[in-house]
Amino acid sequence: TLLAQGYSVFLRSSYGLTYLADPTLQDSTGYSLDVGVNGQITPSLNGTISLGWTHEQLTASGTNTAKNIDGVDSNVTLSYTHPLRPNTTHSLSFYRNPGVALLLKSSSITQATGVSYIISHRLNRYLTLSPQIGWTHLESLSGSKEVADLIQVGFGLQRTFTKHLTGSFSYLYQTRSSNIPANSYDVNDVSISANYTF
């Protein structure tokens, strides 16, 4: 929904499944629902603020024991985008999620701060290649008091099929370094998605 020139309100939902090979770590399923405002602050600077609800269910590998985590989440993002060449742009994004859980029972509060850099190059009128690198700092404000840093390197391919339908493929390598030794590990992530706009 367009609020004013360059500003809009959005509703975003997601559902995720995570299965880990390490039996000492917990598999998880979860979903989130957020509403927010996105706006063009300057021709090169874009900002987003959102607030929503997150539910996650953790299951110990090989058991039927599950733990539910529910809480209110919020997010602030700033993104600076600038053209390098006629078919190439680069962008630097900063995001901050304070992990607000409103003191809900059995909730987990984790602060996340990160920055990412992406170069997007149009290979042709339908296909765009986007290598990226990023860093995220996590701090658990309850429970384990874990502090962790994540470094991500990867790339994405986006394909336009119709005026309203796009699809994407992405690969991401992530290394996680934690003050809790058992929580330091590497991840290879491959994802495929489709997006339809009305």
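This is a predicted model: local features need pLDDT of at least 70, side-chain atom pairs count only at pLDDT 80 or more; totals for chains, interfaces and linings use all residues.
Two strands count as paired if DSSP finds at least two bridges between them. Strands themselves are DSSP runs of E with at least two residues, while helices are runs of H or I with at least four, and both are numbered from the N terminus.

Residues are numbered from 1 along each chain as its sequence is written, and side-chain values use heavy atoms, with hydrogens and water left out.

Now look at the other neighbour of S8. Strand S7 (residues 110–122) pairs with S8 (residues 127–140) in the antiparallel sense, over eleven bridges. A hairpin of four residues carries the chain from S7 to S8. Across this pairing, Gly114 stands opposite Thr136 in S8.

Step back and view the whole protein chain. It has eleven strands and zero helices, so reading from the N terminus gives β-β-β-β-β-β-β-β-β-β-β. Of its 198 residues, 27% count as buried, where buried means under 20% relative accessible area, exposed means over 50% and partly exposed lies in between (1.4 Å probe, protein chains only). The chain exposes about 12900 Å², and carbon and sulfur atoms supply 61% of that area. Such areas come from the Shrake-Rupley method with a 1.4 Å probe, and for residues only the protein chains shown count as cover. Among the contacts with a separation of 6 or more, 41% are between residues 24 or more positions apart; a contact means heavy atoms within 4.5 Å.

Next, find Gln174 in strand S10 (residues 165–178). Is Gln174 buried or exposed? Its relative accessibility is 17%, so Gln174 counts as buried. Leaving aside residues up to four places away in sequence, Gln174 touches Leu150, Ile151, Gln152, Tyr185, Asp186 and Val187. With Gln152, the side chains make a polar contact at 3.3 Å. That term covers a pair of N or O atoms within 3.5 Å; within protein, one must be able to donate a hydrogen and the other to accept it, and residues adjacent in sequence count only if both atoms are side-chain atoms.

Finally, turn to the aromatic rings. A search of the whole structure finds two aromatic pairs. Rings of Phe, Tyr and Trp (its six-membered ring) pair if their centres lie within 6.5 Å; planes under 30 degrees apart count as stacked, over 60 as edge-to-face and the rest as tilted. The rings of Phe155 and Phe169 have centres 6.3 Å apart and planes at 50°, so this pair is tilted. Phe155 lies in S9 and Phe169 in S10, 14 residues apart. Phe155 is partly exposed at 31%, and Phe169 is partly exposed at 32%. The rings of Phe155 and Tyr171 have centres 6.2 Å apart and planes at 45°, so that pair is tilted. Tyr171 is in S10, 16 residues from Phe155. Together, Phe155, Phe169 and Tyr171 form one aromatic cluster.
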